[in-house]
Amino acid sequence: MRATLIYGAGDVRVEDVPDPRVQEPTDAVVRVLRTCICGSDLWPYGSRPATEEGDRIGHEFLGVVQDTGADVTGPAPGDIVVAPFAYADNTCAYCAEGLHTSCPRGGYWAQNGVDGGQGEAVRVPFADGTLVKLPVGEDSPLLPSLLTLSDVFCTGHHCAVTAGAGPRTSVTVIGDGAVGLSAVLAARRLGAERIVLMGRHRTRTDLGRDFGATDVVPERGEEGIERVRELTGGEGTRVVLECVGTEAALETAFGVVRDGGTVSRVGVPQYEKGPVGYAMFGRNITLTGGVAPARAYIEELLPDVLDGAIEPGRVFDSTVGLDGVPDGYRAMADRTALKVLVRP
């Protein structure tokens, strides 16, 4: 089969790789119907040291079950399924707590010999615990929105939930990428009253308004912080969703959060140390967030996607075939595409 490999910064290739097969009795093999490029994929795309051998990449996919191991009792050949970006057994104590990303037997796609999602098929460990059946056909127009349950919408939801977004809350979302826009949609779904979106790309912030943003702040740094405070009577918002992952974004988050408020960060951190000293301590600010346990949220969010109450798939503004994946990476890196959908 064909799949995407990364060889170094700016060097993504689609090549022939071995076909996946059932290796353990708990495995399934899934033929990929839709996958996509994630904003977090751009970090290695921008900085990975060059190597002679490439590594598999991609962690968001949905598809059709092709084969299952002897111990798999749930997913069956022919089922349409979505996979969260981390596989898990869904039976351990962490999974029971809704923290599937800490499952001792779990892991991530494209690591430790497990297939990446940006390919024609994937071997899925712990298929019973990982895969969620979707009641749609292979040509359903809902597939883009259902694919967001693999990562991006669940991540935005995780950000909003851990920060305490809900009825009558005021929220600031930092970042107008796909995760930031998903966080806007998630906050609105949870009942947030006011949502300030900090972003400067007009086409993206327009979608953010469609998703529920009531205000848009294009300014950055101290100017942006001051603008948010002007909009909120000088206090800032009680809930702040940091969806970028840079130290500058975290500093902005602390600048716009109200005393006693909560900052949730789900942007993959590109820093080791942050401004979490006495100033944050003295203002009684809570810092939360982290890696989203997408598997814990899929069943909760699925009905609203199926009945059209929300359309998180609108974050996809470009579609390519598998051979177009390298161009998709370039488009996202150049900010000419928000999020690229892939149809293998």
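A disulfide is taken here as a pair of cysteine sulfur atoms within 2.5 Å. The structure is a predicted model, in which local features need pLDDT of at least 70 and side-chain atom pairs count only at pLDDT 80 or more, while totals for chains, interfaces and linings use all residues. Residues are numbered from 1 along each chain as its sequence is written, and side-chain values use heavy atoms, with hydrogens and water left out.

By the disulfide rule the count is 0. C36 is in no disulfide, the nearest cysteine sulfur being that of C38 at 6.9 Å. C36 is buried, with a relative accessible area of 1%, and C92 is buried as well, at 15%. (Buried means under 20% relative accessible area, exposed over 50% and partly exposed in between, with a 1.4 Å probe and protein chains only.)

An open sheet is formed by 6 strands in the order β13-β12-β11-β14-β15-β16, with parallel pairing. The edges are held by β13 (215–217) and β16 (286–289); each has a single partner strand, so one side of each is left without a neighbour in the sheet. Neighbouring strands are turned by 20° against each other on average, direction ignored. Angles run from 0 to 180 degrees between N-to-C directions, with axes fitted to C-alpha atoms, for helices over the stretch in contact. Within the sheet, β11 (residues 170–174) and β14 (residues 237–242) pair in the parallel sense over 4 bridges, and V171 stands opposite V239 in β14. Two strands pair if DSSP finds at least two bridges between them; helices (H or I, at least four residues) and strands (E, at least two) are DSSP runs numbered from the N terminus.

The second largest pocket has a volume of about 240 Å³. A pocket is an open set of points on a 1 Å grid over the protein atoms alone, where a 1.4 Å probe fits, with protein on both sides within 12 Å along at least five of seven lines; lining residues have an atom within 4 Å of a point. The lining of this pocket includes L5, R56 and R123, and its residues divide into 5 nonpolar, 2 polar and 5 charged.

D334 lies in the loop between α12 (325–333) and β18 (340–343). D334 is exposed, with a relative accessible area of 56%. The C-alpha atoms of D334 and P49 are separated by 20 Å, the two residues being 285 apart along the chain.

Terms used. Grid points are joined across faces, edges and corners, and a volume is the space filled by probe spheres set on the points. Ala, Val, Leu, Ile, Met, Phe, Trp, Tyr, Cys and Pro count as nonpolar, Asp, Glu, Lys and Arg as charged, and the others, Gly among them, as polar.
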